[in-house]
Amino acid sequence: MKLDTNTINKIAKLARISLSKEEANDLLKDMNSILDWVEQLNEVNTDSVEPLANISSSTLPQRKDESKDINSSEEILKNSPDKLEGYFAVPKVVE
Amino acid sequence: MEFKSINQLKSLLDENKISVKEIAQTYIKKIKEKKDLNIFIYFDENIIDDQVKEIEKLPNNKKLKGIPIAVKDLFCTKNMPTTAASKILENFNPTYESFVTQKLINEGSLFVGKTNLDEFAMGSATNTSYFGNTINPLSNHDIPLAPGGSSGGSAAAVAADLCLGSTGTDTGGSIRQPASFCGVVGIKPTYGLCSRWGIAAFASSLDQAGIFSKNVTDASILLEEIAGHDERDSTSSNVAIPNYSKQLNSDLNGKTIGIPKEYTVDGISDEINAVWDDAIKSLEKKGAKIKHISLPHTKYALPTYYIIAPAEASSNLARYDGVKYGFRAEEAKSLDEMYEMTRSEGFGKEVKRRILIGTYVLSAGYYDAYYLKAQKVRKLIANDFIETFKDCELILTPTAPSAAFPLNEKQDDPIKMYLNDVFTVPASLAGIPGISIPYGKNKSGLPLGIQLLGKHFNEQEIFNAAFALEKDYE
């Protein structure tokens with residue numbers, strides 16, 4: 001067992017996902033079995049192996065670092081569930 | 001009325017034997033008849049009519065004029081909503097068009113609708129969608145079968161003849177496995193061949209757009225249209241795109257094809273291995289040289305994938321916070337509560353599971369043990385392929401460990417579900433291209449797929465061998 005209920009709740013807080021007790025219990029079981037299963041990677045000797053993050057780096061061109069004004073604030077706000085005078089609106093942060 | 005290929009339909013159109021409007025009406029009728037299969041998340045006749053008016057104005061030299069295409073609902077489309085099969089993106093109307101769909105529009109494609117998928121492409125059966133399961137059109141009446149996933153709707157749309165081609169995305173097998181389950185052709189190109197611009201991101205170092213079609217020629221026609229460099233995706237490669245369809249060549253003389261011993265896995269049915277054997281013999285008969293090879297790190301591909309993909313997903317899906325678009329939980333009193341309730345109600349179980357695993361493996365104190373370790377093993381897996389391709393052009397394997405399974409089969413063990421991707425994930429980690437083509441059937445008459453893998457940016461070689469194998473079942 002790698003994870004306990006406290007750890008699950010801590011991770012859920014980091015990920016900003018609230019979990020019911022039942023959900024946390026289900027996830028605890030699944031995640032522990034997944035984490036046990038990935039443990040087998042420790043059989044592989046990776047000393048002096050470079051981590052691979054991007055497989056296409058050799059064919060990637062660079063572009064000029066230029067700003068573009070596309071004036072799209074209306075479009076960006078279009079799908080927001082709540083907006084006010086050109087801003088995204090959210091519940092009050094400061095009392 | 002059934003059209004067999006893009007070239008056939010295009011000729012009919014060129015000879016004025018059919019109009020774009022008639023094509024649209026034909027497919028609208030078919031889609032309505034197959035409504036029960038739940039293949040489409042979005043289908044609207046008016047949107048199709050609007051497109052017909054625009055497409056009719058285009059010159060006939062547009063390569064895909066009037067060709068009916070279904071779009072996986074992970075691609076942002078301006079004239080249709082985009083949901084990623086998630087409640088959290090319900091009612092999201094993109095203000096821009098994805099690179100891939102724009103390229104298809106530019107050549108005159110007719111989009112018939114947006115297809116169902118696993119939520120955010122996370123799954124292997126199209127059963128994690130917020131909009132319900134898709135049923136494999138090859139199911140018989142008593143037992144509904146899964147179409148595979150995550151691009152299950154797109155594979156099913158081609159199999160049910162509701163379009164001539166469809167777009168998919170493949171992160172660990174999400175094009176090839178459903179192609180195998182539905183008996184259609186599915187190609188995942190080299191990572192970076194098609195721009196990811198406008199595709200809802202799952203695991204950015206693995207996600208790649210691709211194509212489903214009825215035959216290899218159509219796949220080659222569609223891929224050459226959607227490939228190409230795009231400066232809005234920093235991982236989009238700037239390579240020349242060959243004219244795949246013109247260069248199709250079924251001559252395999254002088255080609256060496258590798259058969260990896262690690263793909264003989266315990267518990268795989270004899271039927272799958274028999275089909276694999278048939279394909280090997282056929283390739284040999286066609287002049288190819290068969291070479292038995294080893295990809296020693298194959299068994300570590302799945303656990304590597306299930307660290308890297310959730311890690312990247314947890315980062316990518318942080319953007320769904322109820323602020324900028326999509327669903328927002330209404331009752332929240334504070335900003336943090338709004339985030340937590342929105343994401344808790346908006347995401348389904350599998351997505352939450354992957355976000356939490358990803359958050360854990362990236363968290364302080366665990367990063368090196370999980371994520372960095374997985375990236376190092378990923379390097380070894382990629383090296384296996386690079387070494388192998390020094391003396392063979394292609395690798396041949398089965399696509400999936402089984403034929404399509406019943407929809408109601410218990411899926412409560414996540415690891416068992418993840419094993420669906422055992423033959424497709426290694427190529428995803430290495431970023432190499434792969435195709436699945438239908439090759440034979442099991443005892444119940446369900447199609448089985450065979451997978452061809454090739455070198456980076458060598459889609460032509462894959463198409464050629466697939467084109468040769470396809471002739472065995474014509």
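**Exercise 1. Determine the hand of the crossing between H9(B) and H12(B), and describe the packing of the two helices.**

Solution. H9(B) passes H12(B) in a left-handed crossing; a crossing is left-handed if the near helix is turned anticlockwise from the far one by less than a right angle, and right-handed if clockwise. The model is predicted: local features need pLDDT of at least 70, side-chain atom pairs count only at pLDDT 80 or more, and totals for chains, interfaces and linings use all residues. Residues are numbered from 1 along each chain as its sequence is written, while chains are lettered from A and ligands numbered from 1 in the order in which they are written.

Step 1. Helices (H or I, at least four residues) and strands (E, at least two) are DSSP runs, numbered from the N terminus. H9 covers residues 301-316 and H12 residues 368-388 of chain B; their axes come within 9 Å and cross at roughly 130 degrees. Axes are lines fitted to C-alpha atoms, for helices over the stretch in contact, with angles from 0 to 180 degrees between N-to-C directions.

Step 2. H9(B) and H12(B) are therefore oblique to each other, given that angles under 35 degrees count as roughly parallel, over 145 as roughly antiparallel, 65 to 115 as roughly perpendicular and the rest as oblique.

Step 3. On H9(B), the contact is made by Ala301(B), Thr304(B), Ile307(B), Ile308(B) and Ala311(B). H12(B) contributes Tyr370(B), Tyr371(B), Ala374(B), Gln375(B), Val377(B), Arg378(B) and Ile381(B). Two residues are in contact if their C-beta atoms, placed from the backbone, lie within 7 Å.

Step 4. These residues divide into 9 nonpolar, 2 polar and 1 charged. Ala, Val, Leu, Ile, Met, Phe, Trp, Tyr, Cys and Pro count as nonpolar, Asp, Glu, Lys and Arg as charged, and the others, Gly among them, as polar.

**Exercise 2. Locate Asn38(B) and Ala85(B), and state whether each is buried or partly exposed.**

Solution. Step 1. Asn38(B) lies in the loop between helix H2 (20-33) and strand E1 (40-42) of chain B. Its phi is near 55 degrees, a positive value in a residue other than glycine. Asn38(B) is partly exposed, with 19 other C-beta atoms within 10 Å.

Step 1. Ala85(B) belongs to the loop between strand E2 (68-72) and helix H4 (99-106) of chain B. Phi of Ala85(B), which is likewise not glycine, is positive, near 60 degrees. Ala85(B) counts as buried, with 33 C-beta neighbours inside 10 Å.

Conventions: A residue is buried if 20 or more other C-beta atoms lie within 10 Å of its own, exposed if 12 or fewer, and partly exposed in between; C-beta atoms are placed from the backbone.
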